[in-house]
Amino acid sequence: QGYAAKTVFEALQQPACHENMVKVGGYILGEFGNLIAGDERSGPLVQFRLLHGKYHFCSSSTRSLLLSAYMKLINLFPETKPLIQKVLKSDSNMRSSDVE
């Protein structure tokens, strides 16, 4: 699980990655990102910024998966809450049945 989290974290750092990679990465980091969060290079805020950097290029179904990952980050790492809340408020005008 830790290996999977590290591997997808590294893959998501590539400038161009397929949307399926974003889906897999969002799921794995949401579930197991805590296993790599001890390293400052892959801390919770770094993970969030990495995932959210792909957010606007994804379909609504992938966005909903990423939003779920964001909630998991908030639950595991309370220090991420202010930043994630700010992002959610700024993006609240996006209405989609897939995301809701």
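The buried residues of helix H4 are Thr62, Arg63, Leu66, Leu67, Ala69, Tyr70, Leu73 and Ile74. They lie on the same side of H4, because the arc they cover around the axis is only 160°. The model is predicted. In it, the buried residues of H4 pack against helix H2 (19–32), helix H3 (44–55) and helix H5 (81–90).

**Helix H4**

- H4 runs over residues 60–76 and has 17 residues.
- From its first C-alpha to its last, H4 reaches 24 Å, close to the 24 Å expected at 1.5 Å a residue.

**Aromatic pairs**

- The structure holds two aromatic pairs.
- In one of them, Phe48 and Tyr70 have ring centres 4.8 Å apart and planes at 75°, so this pair is edge-to-face.
- Phe48 lies in helix H3 and Tyr70 in helix H4, 22 residues apart, and the pair thus links distant parts of the chain.
- Phe48 has a relative accessible area of 2% and is therefore buried, the cut-off being under 20%.
- Tyr70 is buried as well, at 0% relative accessibility.
- Tyr55 and Tyr70 form a tilted pair, with 6.2 Å from centre to centre and 35° between the planes.
- Because Tyr55 lies in helix H3 and Tyr70 in helix H4, this pair ties together parts that are 15 residues apart in sequence.
- Tyr55 is buried, as is Tyr70.

**Nonpolar core**

- In soluble globular proteins, nonpolar side chains tend to be buried together.
- The largest nonpolar core here has 23 residues, of which Leu12, Leu29, Phe48, Leu51, Leu66, Tyr70 and Ile84 touch the most other members.
- At least two residues of this core come from each of H1, H2, H3, H4 and H5.
- With neighbours within four places in sequence left aside, Leu51 is in contact with Leu12, Gly25, Gly26, Leu29, Leu66, Ala69 and Tyr70.

**Helix H2**

- The end C-alpha atoms of H2 are 19 Å apart, which agrees with the 20 Å that its 14 residues should span at 1.5 Å a residue.
- The C-alpha atoms of Glu31 and Gln1 are 9.1 Å apart in space, although the two residues are 30 residues apart in sequence.

Terms used
Residues are numbered from 1 along each chain as its sequence is written. This is a predicted model: local features need pLDDT of at least 70, side-chain atom pairs count only at pLDDT 80 or more; totals for chains, interfaces and linings use all residues. Side-chain values use heavy atoms; hydrogens and water are left out. Helices (H or I, at least four residues) and strands (E, at least two) are DSSP runs, numbered from the N terminus. The expected span of a helix is 1.5 Å times one less than its number of residues. Buried means under 20% relative accessible area, exposed over 50%, partly exposed in between (1.4 Å probe, protein chains only). The arc is that of the directions from the helix axis to the C-beta atoms. Contact means heavy atoms within 4.5 Å. Rings of Phe, Tyr and Trp (its six-membered ring) pair if their centres lie within 6.5 Å; planes under 30 degrees apart count as stacked, over 60 as edge-to-face and the rest as tilted. A nonpolar core is a set of buried Ala, Val, Leu, Ile, Met, Phe, Trp, Tyr and Cys residues joined through side-chain atoms within 4.5 Å.
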